[in-house]
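Me: I am new to this structure and would like to learn how to read it. Could you take me through a few features, one at a time?

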Protein chains: 2
Amino acid sequence: MTLTPADPAFVSRLNRVLPEGVLCEVEPRYLEEPRGRYHGQAGVLALPQNTEQVAVLVREANAARVPVVPYGGGTGLVGGQVNVEGPSPLLISMERMNAVRAVYPQENVLVAEAGAILADVQAAAEEAGRLFPLSLASEGSAQIGGNLSTNAGGVNVLRYGNTRELCLGLEAVLPNGEIWNGLSRLRKDNTGYDLRGLLIGAEGTLGVITAAALKLSPNPAERGTAMLVVQSPEAALALLSLARDQLGEGVSAFELIHRQGLEFLNEKLPQLRQPFAERPEWCVLVELGLSRGSDPEMALAELFEAAMEAGYVLDGVIAQSEGQRQELWNVREQIPEANRLIGSVSSHDISVPLSAIPDFIVRGGEVLAALGDYRVNCFGHLGDGNLHYNVFPAHGKSREAYEDQRAAVKRAVHDLVHEMGGSISAEHGVGRMKVEDVARYGDPVRLAAMRAIKQALDPNGIMNPGAVLAV
Amino acid sequence: MTLTPADPAFVSRLNRVLPEGVLCEVEPRYLEEPRGRYHGQAGVLALPQNTEQVAVLVREANAARVPVVPYGGGTGLVGGQVNVEGPSPLLISMERMNAVRAVYPQENVLVAEAGAILADVQAAAEEAGRLFPLSLASEGSAQIGGNLSTNAGGVNVLRYGNTRELCLGLEAVLPNGEIWNGLSRLRKDNTGYDLRGLLIGAEGTLGVITAAALKLSPNPAERGTAMLVVQSPEAALALLSLARDQLGEGVSAFELIHRQGLEFLNEKLPQLRQPFAERPEWCVLVELGLSRGSDPEMALAELFEAAMEAGYVLDGVIAQSEGQRQELWNVREQIPEANRLIGSVSSHDISVPLSAIPDFIVRGGEVLAALGDYRVNCFGHLGDGNLHYNVFPAHGKSREAYEDQRAAVKRAVHDLVHEMGGSISAEHGVGRMKVEDVARYGDPVRLAAMRAIKQALDPNGIMNPGAVLAV
């Protein structure tokens, strides 16, 4: 398939079929991404106001073989939102389609347009006395359409699942420009193939998601948070088992933190209060969300005691107020910012089977030691087997000194993850950054099926070319 | 695409590449289905012992263009397991591949082969101190592979989701005979299209599922069950909201029962003890599963009291022992058997948006009254918006007298469901029974995408032809 650029002829064709104001000048922010690794090529920017306009845009692009790049909040970390090569694309930013169309508290359903900011969706659910549990660092600017397209993870996956599990139905424009009206609010609907699940996580390569029916949950009436110092990663896993035995789904988040992260915080964000005078080697942040009448502080105290007795836990703090809860969460949530200020050699969003985590951490350290002198900040969503395994220069050395080692570090970490049955992209997606990794590590039968599906739904290859699958 | 029958030449080709004993004579039970609506045509039966043999079978069938019908426990209610027309097929029964390959209690994961009986999977989880929450009437003979292929529902969907949400990874043989090794135990893996979700619910039309990595849950330490008489379906929904506000995910099941069902039980299974001397118009079965140290009887008593005060509930019983719990569940679980003994004119496995249920029940009654004299037993998984809306002859009349009205009844009910944004197959799937309905009511853009996907993955159309999509 040969693509053609979004040239003036294409623009004037679009102008003939669209109202004034839909096409806009491409501001630089649409061509950048948070880590500055990719710079997109300028093209034509469209800001559609409704689904019909999205359909017109995609239909015209498909007819003219112009590449289409769907654009959400721009917070993706793997370059899925920036087109770096090939003919100049049509960018479709969903920012004007940001309405929460309806909330059905009795059904625990909310229908939002793709451009709605995640935090606004959360707030609309909250207002109806419900919880939309997707929660991640960039929720103030990430859009729900992007969250869906990348099957975003975050801190509540342990309890509520990934974004795919939080979506009942979709409205989307397929690559041929046709609108799929799939905004089902049903919990059970077995009438054919799961097109919803297929578009979620396809990173815009199979169509443009324009709206979604999202699953809400009862809002846990009582929340509690603790930070517990654990013996080791093994002990952290044993603590997780203990917590789930005692509290079932009441465990909403279970985050692993390594001393390196606390040291980075201390170095770069010294004003941030840390809970332990002596920074522990490993600790976990445990969040409970319990039903009315429960006492999460008491539950955490009982867990703490049992875990001390079992020898899993050495020390800990249980938040006694909302302010203290926020302080504990701040520690966890500011680690990525501290990482950014230090500057990593290579960052890895990986997952391994839960029981393989302790072994992975040991072997990861050995693999890196064989390559050179590094600091590793390994932290993240332990409850999901999802670690952010980020590799930094040795103390006093600059990131630039490691420029030529980045590829080797990444390769070594990913080789190990793959060998241990893990994933080289746990929650951020493939984007453009990991296309080669997916081709290298992916099951060849699955990859062939993916290519067949892509070819079937997007025979001209217009949708986000270069993302997920190599062109 | 032209298919060819599984003729002697094909059989001798299979015999050359497979060990003795894999091909067997087709016993009649493989050609029947529970409701006796379809009778399959005989063909060749294979009982593979491992995934490689399944791959050989499918590869040969694909090369020879012989139709393949995957066969699980044979409990499907929509004829997905019986091939009624076209060239005689190769039946692949998964019954010998019934191992639970591994249990990972710490990871809350269990890996089972497709032929494992659902009850055996539940038992293996239980033995490891965990819960595999999929639960349905036929669990003693249904196989997990069939549950996956049909994305089975059941009584615990409200809390734990459908089968698709209970599966982390699959091993499957695709229509070209290649093995996809996708037995991931990861909670987070965003490396491309959701092939897992696509095969689940495809009813054997996109490949043969051979094994699955299943998600286990903490076993709720304390269970409680109550049967509460509600004012109306509206009141039942209000009670559900109240219960979830008070108890969050602790509400495991919420089943609606109508007087008609209790009367059928009384008529056909009079030895079964019913909880209320006077059979109520509407009641609900509420099941709680709470964490250790909780008191579900107390929680149910509080719920009962609050619901009485609010006027939702008129009467009720709370089980005081495991025996009483079983008695209450028996009432719910024997309703399908009583239905069978009465003999329905037409049964409908439907769902509508939760808040539309009361209106649907009223309008359904009106629609049927306009058609003739019927008894309606409307019951099921209210928490999921999933009703079994089954239509029976008037008292004293025989099913046969209604033979010529069946199509009109079904059409009227499905038209109404569709108009109200519901699904004409909530949990049983499409099979062969609802192919026309899916074509009639399905979104045309989605149907076209489904056909494109089918064509891409199974270009010769060998996999379960006639199921889900019209040939």
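Me: Let me start with helices. How roughly do the axes of helix α8 and helix α10 of chain B cross?

Reply: In general, two packed helices are described by the angle between their axes and the distance between the axes. Here, in a predicted model, helix α8 (residues 259-268) of chain B and helix α10 (residues 322-342) of chain B have axes that come within 8 Å and cross at roughly 70°. That makes α8(B) roughly perpendicular to α10(B) (65 to 115 degrees; under 35 is roughly parallel, over 145 roughly antiparallel, the rest oblique). Axes are lines fitted to C-alpha atoms, for helices over the stretch in contact, with angles from 0 to 180 degrees between N-to-C directions. Helices are DSSP runs (H or I, at least four residues), numbered from the N terminus.

Me: Which residues of α8(B) and α10(B) make the contact?

Reply: On α8(B) they are B:L262, B:F264, B:L265, B:E267 and B:K268, and on α10(B) they are B:V331, B:Q334, B:I335, B:A338, B:N339, B:L341 and B:I342. Contact means heavy atoms within 4.5 Å. These residues divide into 8 nonpolar, 2 polar and 2 charged.

Me: What about α7(A) and α9(A): how do their axes cross?

Reply: Helix α7 (residues 233-247) of chain A and helix α9 (residues 296-309) of chain A have axes that come within 10 Å and cross at roughly 135°. The two are therefore oblique to each other. Among the residues that meet are A:L239 and A:L242 in α7(A) and A:A299 and A:L303 in α9(A).

Me: Now the two chains. By what turn can chain B be laid on chain A?

Reply: Two copies of a chain are related by a rotation about an axis and a shift along it. Here the turn is 180°, with a shift of 0.0 Å along the axis and an RMSD of 0.0 Å (superposed by least squares on C-alpha atoms of residues with pLDDT of at least 70 in both). That is the relation of a two-fold axis.

Me: And what area is buried between chain B and chain A?

Reply: The size of an interface is often given as the accessible area lost when the parts come together. The area here is about 6800 Å², and carbon and sulfur atoms give 53% of it (1.4 Å probe, summed over both parts). In chain B, B:K188, B:N190 and B:Y193 lose the most area to chain A, together 16% of what that side buries. The contact joins 79 residues of chain B with 79 residues of chain A. The copies meet through the same surface, because 100% of the interface residues of chain B are also interface residues in chain A.

Me: How are residues and chains labelled?

Reply: Residues are numbered from 1 along each chain as its sequence is written, and chains are lettered from A in the order in which they are written. Local features need pLDDT of at least 70 and side-chain atom pairs 80 or more, while totals for chains, interfaces and linings use all residues, and side-chain values use heavy atoms, without hydrogens and water.

Notes. Ala, Val, Leu, Ile, Met, Phe, Trp, Tyr, Cys and Pro count as nonpolar, Asp, Glu, Lys and Arg as charged, and the others, Gly among them, as polar. Buried area is the accessible area (1.4 Å probe) that two parts lose on being put together, summed over both.
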